[in-house]
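Take your time, and try each one before reading on.

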Amino acid sequence: MAQLLTHLLPGRSTDIQPAVLGAHDDPYDSGMWPWHREAILGDHAYWQNGHRLLVLGPKNAEDQTHVPFLVDGTALDAAEKIVITIDYSPFPWTMTFYCGRALPLVGFGVKYEVGGPLRASVALADGTWAMGAHFVSAIGGGCSAPALAHDQPDWQDGFGELRAKLWSETGRLRIWLRHPQDTGLAPGLPAHHLTDLLVEDLSGKEICRLELGEPVEENPVLTLLLPKELASDDVIIRARDNNGYIFEGRVETSA
């Protein structure tokens, strides 16, 4: 049986235990984190390990084109946005979730090009950042593989189909959109991926929004959490991609 050796990558040290980490120690000792932190969060970003921030994902990527994660920042004080990055991806920035009136929780799936940490950096109201991370061992190739949709000659017939459900009792909002999410790395396939997704109330006022990048999985499924007072009424979903296509629909609340 072949054995994955991604635990030997830089940043996979298991000798460091979170309990003994300092506030500014990288739990994965990754050479990419300082670069991404400066480029994506800003030159002067003040960050520390968010011990109350949960980043949940699998230990191993069974499917490199679909690696599910849940980021839960509801225990943090005054979270404003969540930035998702992947250390060893050709597209390190994955998404930014602007919480707005939603709770700071987002579930999503990504493609993994090679094993490494996925990080969630949460911007707090006082100008600081809380960082949490999770390491996934993966053979990789997810970002450079063509979308499965291209194996189907009629894949465009269902392109842009939007499905969603909102549970009024819990506030959970689950969104599914049929989209190939081509990164542009597969031969002969130009980049074609979602760039924005907006959740509005019926008056047209923004509840929350996401900016999305190439690593987000094909036919993405997103999970959000709304306060119960917002989940008691229908919401509007609006999305667009880098080719100018617009997708929208109304989600009726249900028990």
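The exercises below look at salt bridges and nonpolar cores in this predicted model.

**Exercise 1.** Find the salt-bridge partner of aspartate 26, and decide whether the two residues are buried or exposed.

Solution. 
- Step 1: Aspartate 26 pairs with arginine 119, and their closest N and O atoms are 3.0 Å apart.
- Step 2: In the chain, aspartate 26 sits in the segment before α1 (32-41), while arginine 119 belongs to strand β7 (residues 116-124), 93 residues apart.
- Step 3: Buried means under 20% relative accessible area. Aspartate 26 has 13%, so it is buried, and arginine 119, at 0%, is buried too.

**Exercise 2.** Classify both members of the salt bridge between glutamate 248 and arginine 238 by their accessibility.

Solution. 
- Step 1: The N to O distance in this bridge is 3.0 Å.
- Step 2: Strand β15 (residues 246-251) carries glutamate 248, and strand β14 (residues 235-241) carries arginine 238.
- Step 3: Exposed means over 50%. With 52%, glutamate 248 is therefore exposed, whereas arginine 238 has 32% and is partly exposed.

**Exercise 3.** Which residues touch the most other members of the largest nonpolar core?

Solution. 
- Step 1: This core has 48 residues, and Phe108, Leu173 and Val199 touch the most other members.
- Step 2: Leaving aside residues up to four places away in sequence, phenylalanine 108 touches several residues, including Val67, Phe69, Ile84, Met95 and Leu222.
- Step 3: Another core, of 11 residues, lies apart from the largest one; Leu41, Trp47, Ala133 and Phe135 are among its members.

Terms used:
Residues numbered from 1 in each chain as written. Predicted model: local features only at pLDDT ≥ 70, side-chain atom pairs only at ≥ 80, totals over all residues. Heavy atoms only, no water. Core = buried A, V, L, I, M, F, W, Y, C linked by side-chain atoms within 4.5 Å. Buried < 20%, exposed > 50% of the residue type's maximum accessible area, 1.4 Å probe, protein only. Contact = heavy atoms within 4.5 Å. Salt bridge = Lys/Arg side-chain N within 4 Å of Asp/Glu carboxyl O. Helix = DSSP H or I, 4+ residues; strand = E, 2+ residues; numbered from the N terminus.
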